[in-house]
Amino acid sequence: MVTTVSRPPAGIALRGLEKRFGDVVAVHPLDLEIAPGEFVVFVGPSGCGKTTVLRMIAGLDDPSAGAVWIGGRAVEHVEPADRDVAMVFQSYALYPHMTVRENLAFGLRMRKHAAADIERRVSRAAGVLGLEALMERRPGQLSGGQKQRVAFGRAMVRDPQVFLFDEPLSNLDARLRADMRREIAELHARLGATMLYVTHDQVEAMTLGQRIAVMRDGRLQQYAPPLEIYRQPANLYVATFIGTPSINLVTGDIVAPAQAAGRAEPSPCLVAGRLSLPLASQQSASRRVTIGVRAENLRVVPPGDSDFTSVVHRVERLGNESLVHLDGPLDDPWIARAAADWAGRAGDAVGVRLDRQHTLWFDAGDGRRLE
Amino acid sequence: MTRPSRALRLVMLVAAVAAMLVPFAWMIATSGMEELEVFQDPPPLWPAEFQGGNYAGALTAQPFARYFVNAGVFALMVVAGQLITSATAGYAFARLDFRGRRGLFLLCLSTLMVPAVVILIPRFLFVDALELTDTHVGLASTELVSVWGIFLMRQSFRQVPRELEDAARIDGAGPWRIFWSIALPLVRPAMATLALFAFLDAWKNLLWPLIVTRSLEMRTVEVGIASFHSTYHTNWPYQMAAAVVAVAPVLLLFAFTQRFLTQGLHMTGIKG
């Protein structure tokens with residue numbers, strides 16, 4: 001079944017959008033552009049302001065400063081109902097006293113659609129989401145996944161220019177979450193509508209978003225496509241927030257050639273415990289530097305030919321690969337990916353080699369990534 | 001403390017049930033006695049011969065049919081009035097943002113500390129000044145707002161998830177529509193509780209109808225029952241027979257609404 005939007009999707013622009021609750025700043029001035037038809041994910045820990053941004057776009061909360069533009073018009077004084085957005089809530093927010101059919105139709109009835117049109121749109125959404133058999137049930141008689149579908153359906157029937165999702169999958173179990181993730185992606189492909197999705201789950205962010213906005217303490221940390229977020233995180237926070245297992249970090253000092261002479265390094269290098277890495281030119285701007293290496297950019301090798309020596313503490317065999325827990329340069333816990341049949345065991349003395357090309361350098365003071 | 005044994009709990013329950021039922025049984029027994037049988041020493045537990053004729057006698061000694069109509073009209077006006085005022089005010093206190101909301105609510109609550117008897121005379125003077133004494137409107141007018149009802153409804157509306165109202169706003173519903181189509185249907189148990197209590201309060205109200213009505217045509221059932229009891233003579237069997245008839249509708253109402261009642265009190269976290 002092919003369903004297309006009758007109107008072109010709208011772009012969204014946030015200009016200096018800010019939210020304060022008394023003295024507490026929930027969202028610092030935020031500038032962001034979302035292209036028409038784009039799927040953008042806001043990700044961050046709870047309390048980072050991502051839901052507040054969504055609510056301001058929906059018109060449910062008023063910004064303290066700044067403006068929201070939807071489809072080329074400022075919507076500051078536009079009621080939520082007139083912004084042409086639909087929202088799916090974390091709790092689903094289905095009307096408990098109405099049947100599934102009535103839940104789907106409520107928004108259309110409020111907008112005074114003709115009965116025949118309501119019927120057509122409701123049955124179309126029910127068909128797409130597989131709700132036909134549930135139409136006369138009430139939300140209390142539905143499972144979590146079914147409620148979720150009804151919540152999507154309620155958003156779909158309105159044919160809005162923008163879909164807003166507020167952690168819609170957080171109440172589902174892991175398996176259902178994966179299914180629904182795929183369905184949302186398909187829904188986006190089918191409808192082509194602009195979608196904004198809030199989550200604290202980095203997997204949802206990486207798999208769904210065409211661009212990801214990483215938030216922390218009400219500030220935007222980075223706004224980029226998933227791979228760029230992963231490979232070129234703007235700062236230490238983004239680097240640690242995205243990626244499983246978490247990125248391996250170590251902080252050390254930049255040591256001048258003279259001091260490093262004992263180690264026979266010709267150029268300045270980073271020295272952190274048992275590790276010593278020569279710098280590329282501009283990285284010497286900071287005196288203290290943190291480097292980050294993802295698990296797949298570490299190679300566990302025989303002790304001789306390596307960047308530093310280490311001891312294996314535990315090997316997690318996942319079937320398709322092994323995760324090797326070992327000592328970092330300062331004996332802090334690091335994790336390296338290895339082949340599924342990697343032969344090492346806990347207690348083995350090993351060497352660890354870093355993939356220099358994919359080693360990320362950060363200023364240890366402010367955390368920003370050094371190019 | 002150890003849990004009381006099963007037997008002890010049973011004894012306590014039976015005692016409690018007896019404490020509730022004995023007055024009822026006594027009322028029914030007395031309603032069937034001869035007028036002087038009541039005064040025997042010791043008083044009989046049950047009439048030697050049940051005088052069913054007392055019922056017909058009591059109900060025709062005064063125009064009780066009229067009294068029932070009056071009490072019914074009075075109670076229904078009070079129920080309708082309190083449902084409307086409590087639901088709207090309770091919703092406003094629970095959900096609408098306006099200046100002085102908290103202060104106004106506390107002011108409302110503080111009126112609960114004024115004993116009803118204290119304002120009985122001012123209420124009468126007020127109704128009298130409006131020339132509404134001895135009318136249904138005068139009878140009901142000062143009973144249409146219940147602070148307890150407002151409190152009950154406010155607590156109930158506060159339990160309606162805000163996301164439901166947010167969803168309705170995005171769906172295009174205005175404030176009135178959200179109140180009517182979303183919030184109100186979700187507090188039905190509390191509404192039923194309030195309606196029942198309002199009905200009971202009005203139905204068994206004696207003092208106010210006694211003061212504000214004068215003519216026989218405007219009396220309520222309670223006033224009629226009380227008037228069997230005069231300074232020099234009380235016809236106990238007639239009074240009890242009328243009382244039995246008067247509690248019948250209340251018992252019926254309880255039987256049908258008990259489910260809502262407990263649900264409503266449970267939902268609002270208020271113990272009866």
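Mentor: Gladly! On a 1 Å grid over the protein atoms alone, a pocket is an open set of points where a 1.4 Å probe fits, with protein on both sides within 12 Å along at least five of seven lines. Its volume is the space filled by probe spheres set on the points, which are joined across faces, edges and corners. The largest pocket here comes to about 780 Å³. This is a predicted model, where local features need pLDDT of at least 70 and side-chain atom pairs count only at pLDDT 80 or more, while totals for chains, interfaces and linings use all residues. Residues are numbered from 1 along each chain as its sequence is written, chains are lettered from A and ligands numbered from 1 in the order in which they are written, and side-chain values use heavy atoms, leaving out hydrogens and water.

Trainee: What makes a residue part of the lining of the largest pocket, and which lie closest to its centre?
Mentor: A lining residue has an atom within 4 Å of a grid point. The largest pocket has 25 of them, and Ala116(B), Ile119(B), Arg123(B), Glu143(B) and Val145(B) are the closest to its centre. Two or more residues each come from helices H3 (64-95), H5 (120-129), H7 (147-158), H10 (188-203) and H11 (207-212) of chain B. H10(B) supplies the largest share, five residues.

Trainee: Which classes make up that lining of the largest pocket?
Mentor: It has 16 nonpolar, five polar and four charged residues. Asp, Glu, Lys and Arg count as charged, Ala, Val, Leu, Ile, Met, Phe, Trp, Tyr, Cys and Pro as nonpolar, and the others, Gly among them, as polar. The second largest pocket, of about 460 Å³, has nine charged, eight nonpolar and two polar residues in its lining. Arg95(B), Leu96(B), Glu165(B), Arg169(B) and Ile178(B) lie nearest the centre of that second pocket, and H8(B) gives the most to its lining, four residues.

Trainee: Why are E3(A) and E8(A) called paired?
Mentor: Two strands pair if DSSP finds at least two bridges between them. E3 (39-43) and E8 (194-199) of chain A have five, in the parallel sense, so they qualify. Phe42(A) stands opposite Val198(A) in E8(A). Strands themselves are DSSP runs (E, at least two residues), as are helices (H or I, at least four), numbered from the N terminus.

Trainee: How do you know that chains A and B touch?
Mentor: Contact means heavy atoms within 4.5 Å. By that test, 25 residues of chain A meet 16 of chain B. Buried area is the accessible area (1.4 Å probe) that two parts lose on being put together, summed over both. Here that is about 1,700 Å², 61% of it on carbon and sulfur atoms. Tyr95(A), His97(A) and Met110(A) lose the most on the chain A side, together 30% of what that side buries.

Trainee: Which peptide bonds are cis, and where do their prolines sit?
Mentor: One joins Thr244(A) and Pro245(A), with omega about -5°; Pro245(A) is in the loop between H8 (236-241) and E11 of chain A. Another joins Asp41(B) and Pro42(B), again with omega about -5°, and Pro42(B) is in the loop between H1 (6-31) and H2 (53-61) of chain B.
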